[in-house]
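Reader: I'd like to go through this one feature by feature. Could you give me the general idea each time, then the case at hand?

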Amino acid sequence: MNLNPNAARRSYAEELKYVAHIKSDALVRAFAKVPWEKFLGPGPWRIPWGQEHWTTEDDNPKHIYHNVLVAIDPVRHLNNGEPGFLAFLIDALEIKAGERVAHIGCGTGYYSAILAEVVGKKGRVIAVEIDQKLAARAKRNLSPWRQVSVMAADGSSCGIGTVDALLINAGATHPAAIWLNALAPGGRLIPSNDHRQ
């Protein structure tokens, strides 16, 4: 399939709709709009496969618009998370426009941008990342979304205020009390302890 990056992104969003059984049209639109390549650094990109990696043939973003992991720091075995799995989790949060959402473990910010598109300009996203370098990248990457603030902090102990939804995209054995206390009445929390991330 020889698609330009924008067409590839739209096709990828439709693929995720079916792979992750996404019910939210706003979430599908967000995946079709947010340029994933801007959060990954320059290509070609490395795609983890088991204990190995393969590299895309060039830096055309069309190569990454699939339900695959993409390395953001191969030395530390860090990747951007499997889109289908994260899409499933975000959809389960049933986020609405105008809501306040926190994303703990935002990495370089891609899924925080997706959340920002779903909550819209009247919503708010607090993106938290403990790794200082990743947090700095996330802050740069998320600058076009004015409804997002990035915190370089330990998400298990920093104050995030009151939120309607909380996506935990970091290792944790159980929900921290600070997260449960941050939830507004009717608030939702989704932890991600996926080994693929």
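Author: Happy to. Let's begin with strand pairing: two strands pair if DSSP finds at least two bridges between them. Strands (E, at least two residues) and helices (H or I, at least four) are DSSP runs, numbered from the N terminus. Before the case itself, note that this is a predicted model, where local features need pLDDT of at least 70, side-chain atom pairs count only at pLDDT 80 or more, and totals for chains, interfaces and linings use all residues. Residues are numbered from 1 along each chain as its sequence is written, and side-chain values use heavy atoms, with hydrogens and water left out.

Reader: Fine. Which residue in β7 is the bridge partner of Val 125?

Author: Val 148. Strands β6 (residues 124-129) and β7 (residues 148-152) run parallel and are joined by five bridges. On β5 (residues 100-104), there are five bridges to β6, again in the parallel sense, and His 103 has Ala 127 as its partner there.

Reader: And what joins β5 to β8?

Author: Four bridges, with the two strands parallel. Ile 104 sits opposite Ile 168 of β8, and Ile 168 also stands opposite Pro 191 in β9.

Reader: How do I read the handedness of a crossover?

Author: Point the strands away from you: a crossover is right-handed if the path from the first strand over the helix to the second runs clockwise. Here β5, α4 and β6 make a right-handed β-α-β unit. So do β6, helix α5 (residues 132-141) and β7, and likewise β8, helix α6 (residues 177-182) and β9.

Reader: Is α4 mostly covered or mostly open?

Author: Buried means under 20% relative accessible area, exposed over 50%, and partly exposed in between (1.4 Å probe, protein chains only). By that rule nine of the 10 residues of α4 are buried, which makes the helix mostly covered. Among them are Tyr 110, Tyr 111 and Leu 115. Gly 120 follows the helix, with a positive phi near 75 degrees.

Reader: Last one: how many aromatic pairs are there?

Author: Rings of Phe, Tyr and Trp (its six-membered ring) pair if their centres lie within 6.5 Å; planes under 30 degrees apart are stacked, over 60 edge-to-face, the rest tilted. The structure holds 10 such pairs. Take Phe 31 and Tyr 111: their ring centres are 6.5 Å apart and the planes at 65 degrees, so this pair is edge-to-face. Phe 31 lies in α2 and Tyr 111 in α4, so the contact ties together parts 80 residues apart in sequence.
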